[in-house]
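Thanks for coming. Please have the structure open while I talk.

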Amino acid sequence: MAPEIITAAAGILGKIAADPAKASAMRRTAVIKALKALHLDPHQPPKDFDSLYAYALVEELHGRPEAVLRLFQDQYVQGSFKTSFNSDDWSTLKEEIDLAVERNVETREFGHFGTDIDETLIRFIAKFQELVDRSRDPHATRIENKVDRLLDEVEKARSAEEAYRLSANPERAHVSAAERLRDDAEVWFRAVGYRIDKTWNTSRDHSALLIDVPTRRPGRFDRVVVLCVEGELGLHHLDLLDSLTQEEEAAEGWGVSQLRVSEAARRKAADSEDRLSCYSFDELIELEVDFEPYIDWLQSEVKSRMIDTRYVPLSCRKDEVDPTTGKPLDVSNYHWENGGLDRYVETWLTDPTKKHLSLLGEFGMGKSWFSLHFASKLAQAWKDAKNRGMPRPRIPLVIPLRDYAKQTSVSALLSEFFFNKHKIGLRSYDVFSVLNRMGRLLLIFDGFDEMASRIDRNTMVSNFWELAKAVEPGAKVLLSSRTEHFPEAKEARDLFEARVSTSSSGSPADGPTFEIVELVPFDDVQIEQMLGHLLGEDKVQSVMSNEDVRDLMRRPVMSELVIDALPEIESGAPVNLTRVYLYAIKRKMDRDVTSQRTFTSRADKLFFLSEISWNMLRTNELTLNFRDFPDKLRDCFGPAVESSKDLDYWEQDMRSQGMLVRNAEGDYGPSHKSLLEFFTAYKYVAELGLLAGDYLGLIPRSSRDGADSHSWSEHFALRQSDGSLPDVNTISAEPADRLAESFGRDDFNPVVYDFLASMIQEHPHFQSTLLSHIESTRSLSNCGFLGGNCANLLGHAGGTLEGADLRGVDLTGFRKVDLTQPNMSLRGTDLRGAALESVNLSAIDKRGADFSGVALKESSVLVSARSAGMAVDHPDGAITALVMETTTEELKRSILRWPTGDLSSSPEVTSLPAANDAHSAWWDGVRIFPGQSEKWWGYSDGTSTFLVSGATQEVTHQFDGCASQSIMWADREALVFSDISNPGDVGWNVVDVETREVLASPQ
């Protein structure tokens, strides 16, 4: 978003461009008038960058075509201009202009330029530099961050990290500081492709290497002597280096210290005609790796999002937990007034013994803004340190984990980050690994919850262990995630402290550990600070006086939404989180229409945004490239965009609307992921036929008496010849098979469900409507999660299944996820023959429910504090379940069997050995499983496997080892035995049940 003064200048010039003849005749007078309108002095240019840029726009581009004005108003052009000005290198700006002009050929986003852009650019740069020369303070354009405290801590942190390395590696402690520096240099040289000919000690205080450095010509090398010294590199060291270089007949000599180089030594090196050079180890690294372009991008990104001017400091909290028992002891609170999260992360960063750090918070709490804010501050400290010749802090690499879904591994994600996205000149991935181990990087992984489009426990565990591959000794990792994906704090602690694994992941003993801090909602002072960046004092007080709105704004993401929704709020309209999104979205769309920024209706925009949002969440690709717009428009609007001319109009219109923002690569997406979740929820509610009240009113020409009712998809297919949509009374439900393909195919997203519940509560018949959708699964051959998702939504919205006739329905996935369901009950519910696979019916009233003939695969069914992790339903109606109950000392396991299938009766109980470690249940082999015939079922107790007769319930076979399942091997019943002794390895055998012959194994 352009600064206000630049936007205002472009607006003034745009009006003048409409009448070029008049502008030419009275140019100087008009320029002076325009400058005064911007409160700029026509005789004295301003000091700050934005005002100077606006001044140059007026003086140089006055009377030029509007397309040229739009080009120079583009935020990426402005950012590149600022970067080029600060570095005195205009190639960055030239590249951005060339990309914009090339893109304009395809998209026409700026329009017809009607002039030579290269010549215009040269003249604009000259004008800007002229204004700088006339300004009182030409260098006041740079906004400085307060980074002195970070720089002061860097040298202390380096010393502490080295001390920690020495304690962890006794062999390193037995050599001199010069030898340690030489060893580090050797590792670095090998990583970047230099050859090591020999190493030797010249004294206790210095050590040398003879290396071959590749030249630009393939296969050619320059021989270089490298002298590593303890302490400061001084003039006398260069005398020694000079003699060593001559002795070895080397082309160059490099003197290297850990931190400091004297001025005299640098002077002598400068006078040596490139024979001798002086470097700190940081400077040695920077010979091969240039992070400056990435740093410039990072700071430009922070400014384009206005984080540098609108960021409000955050508070955080940390649960203090007894490491032995895992019990919470107390809570440490870090208030923003005392430094808050910034100070906490700064302290963590300088402590070499600390764990890595995980930052948890609900959606919209400011995790991504903090990541960019803190990274920008650290990046500025890095630049300042480089300019001052001081030790560098870690380079902050902000890596969005939403991009992980497009890659096959974290190493592929990081390679994409370095080599393609930011074009950081690393010779290989090994160079990153070395820098990481040397403590030169801070890895900020933003959005752990976005690593996969569908999140379940196993996926989260696998993703954690994938990230663990980048967490090497010496690394520092900050990992952010939504709290919604962790039903309780203990689950998050278990994961981030590497206490859980899957069969394909590493061993918990080998994993990295993260301490956890959680973001704290804004207090009233923070809310006022946030609003003060956006509103005048009277409006701030108006918002602060509304308690409901004030509570919503404890999430920073709500600030701009609340401002857009302010007219409705001030008029007394109902307020909750979902309604604020509704009001803000309606006003944004209407503003596009009334400003003639668009010609498509609000309904068309709503349909398009809902469809692409659903697809983005489903695929976890949270942006849409401009080249993909035509295909998406054809999918949504078909005949309306049949001709290429119509398609061009619609494409331009949909890309120009205010709900989407564009990045430098031409990818369009919402300003925050929660907008995708709102639009996805809206699509679901429309398809379920539950739009009502103001949510239905978001569709123009709805709730019309006498009009027909259409489904969501039908309404947009009934476009009339003039392009308009018909009147509609209500939006009716989609057919069941279509619902199964949308609402029935998707797994749980807690934010979407919150929006869904709030929306459907406006509909007077949401209970009966959702029940009818559940009942429709009886006739569907493949309904996915449709029945289970409808039941989940019903419970989350306050409904119940009590007393319902659900014979033969499919409730797969019901209560599989953690949702608030205050009134949900199955009391007296008829579930005969229902599919209850992957459901969780524990802690729910099931008195009088009929479970005859239900399918209970992988389901939990007990009303108990205990949980049933596995269940088997038998042909005779019996039900068997493996039950686990965690106490402070151990994990108790037992097998419960109900012979008649009546869960209200007392079960038969078989006790299994307890586990001393509650976490061991994930890998210690305890399980139950059905047989391939109806003759038997089986269980493993962690040591042995038992087969039980279905008729007599007596043990008929016993095996050493833990079987995980039964299978048919040709015509023979067999068991699959897993090797649980080493969780990191895959070991198994297939064993014949009757003969005990090993039928297959990995060998």
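**Overview**

Buried residues make up 53% of the 1003 residues in this protein. Before I go on, note that this is a predicted model. There are 38 helices and 29 strands. Of the contacts with a separation of 6 or more, 61% are between residues 24 or more positions apart.

Let me start with helix α38, residues 786-796. How many of its residues are buried? The count is 11 of the 11, so the helix is largely enclosed by the rest of the structure. To go through them by name, the buried residues are Leu786, Gly787, Gly788, Asn789, Cys790, Ala791, Asn792, Leu793, Leu794, Gly795 and His796.

What do these buried residues pack against? Their partners are α35 (736-741), α36 (750-760) and α37 (766-775). After α38 comes Gly798, which has a positive phi, near 100°.

Of those partners, I will take α37. The axes of α37 and α38 come within 8 Å, and they cross at roughly 165°. An angle over 145 degrees counts as roughly antiparallel, and α37 and α38 are therefore roughly antiparallel to each other. Their crossing is left-handed. On the α37 side, the contact is made by Phe766, Gln767, Leu770, Leu771, His773 and Ile774. On the α38 side, the residues are Leu786, Gly787, Cys790, Ala791, Leu793 and Leu794. By class, the residues of this contact divide into nine nonpolar, three polar and no charged.

**Asp242**

Asp242 lies in helix α12, residues 235-247. Is Asp242 buried or exposed? Its relative accessibility is 19%, and the cut-off for buried is under 20%, so Asp242 counts as buried.

Which residues does Asp242 contact, if we leave aside neighbours within four places in sequence? They are Arg275 and Leu276. With Arg275 there is a polar contact, side chain to side chain, at 3.1 Å.

Ser280 is in strand β5, residues 276-280. At 4% relative accessibility, Ser280 counts as buried. Setting aside neighbours within four places in sequence, its contacts are Ser257, Gln258, Leu259 and Val261.

Ser480 is in strand β11, residues 476-482. Ser480 also counts as buried, at 2% relative accessibility. Not counting residues up to four places away in sequence, Ser480 touches Leu359, Lys367, Phe445, Asp446, Gly447 and Phe448. What joins the side chains of Ser480 and Asp446? That is a polar contact of 2.6 Å.

Ser711 is in strand β16, which covers residues 710-711. With a relative accessible area of 3%, Ser711 is buried. Again leaving out residues up to four places away in sequence, Ser711 touches Ile731, Ser732, Ala733 and Glu734. Ser711 and Ser732 are 21 residues apart in sequence, and their C-alpha atoms are 4.6 Å apart in space.

The last topic is backbone angles. Most residues other than glycine have a negative phi. Here are two residues with a positive value.

Met306 has a phi near 60°, which is positive, and the residue is not glycine. Where is Met306 found? It sits in the loop between α15 (292-304) and α16 (307-310). Met306 is buried, with a relative accessible area of 17%.

Lys423 is not a glycine either, and its phi is positive at about 50°. Lys423 lies in the loop between α19 (410-421) and α20 (429-437). Is Lys423 buried or exposed? At 63% relative accessibility, Lys423 counts as exposed.

**Recap**

To go back over the main items: helix α38 has 11 of its 11 residues buried, and it runs roughly antiparallel to α37. Asp242 has a side-chain polar contact with Arg275, and Ser480 has one with Asp446. Met306 and Lys423 have positive phi values. That is the end of my part.

Technical notes: Residues numbered from 1 in each chain as written. Predicted model: local features only at pLDDT ≥ 70, side-chain atom pairs only at ≥ 80, totals over all residues. Heavy atoms only, no water. Buried < 20%, exposed > 50% of the residue type's maximum accessible area, 1.4 Å probe, protein only. Helix = DSSP H or I, 4+ residues; strand = E, 2+ residues; numbered from the N terminus. Contact = heavy atoms within 4.5 Å. Polar contact = N/O pair within 3.5 Å; in protein donor to acceptor, adjacent residues only side chain to side chain. Axes fitted to C-alpha atoms, helices over the stretch in contact; angles between N-to-C directions. Parallel < 35°, antiparallel > 145°, perpendicular 65-115°, else oblique. Left-handed = near helix turned anticlockwise from the far one by under 90°. Nonpolar A, V, L, I, M, F, W, Y, C, P; charged D, E, K, R; others polar.
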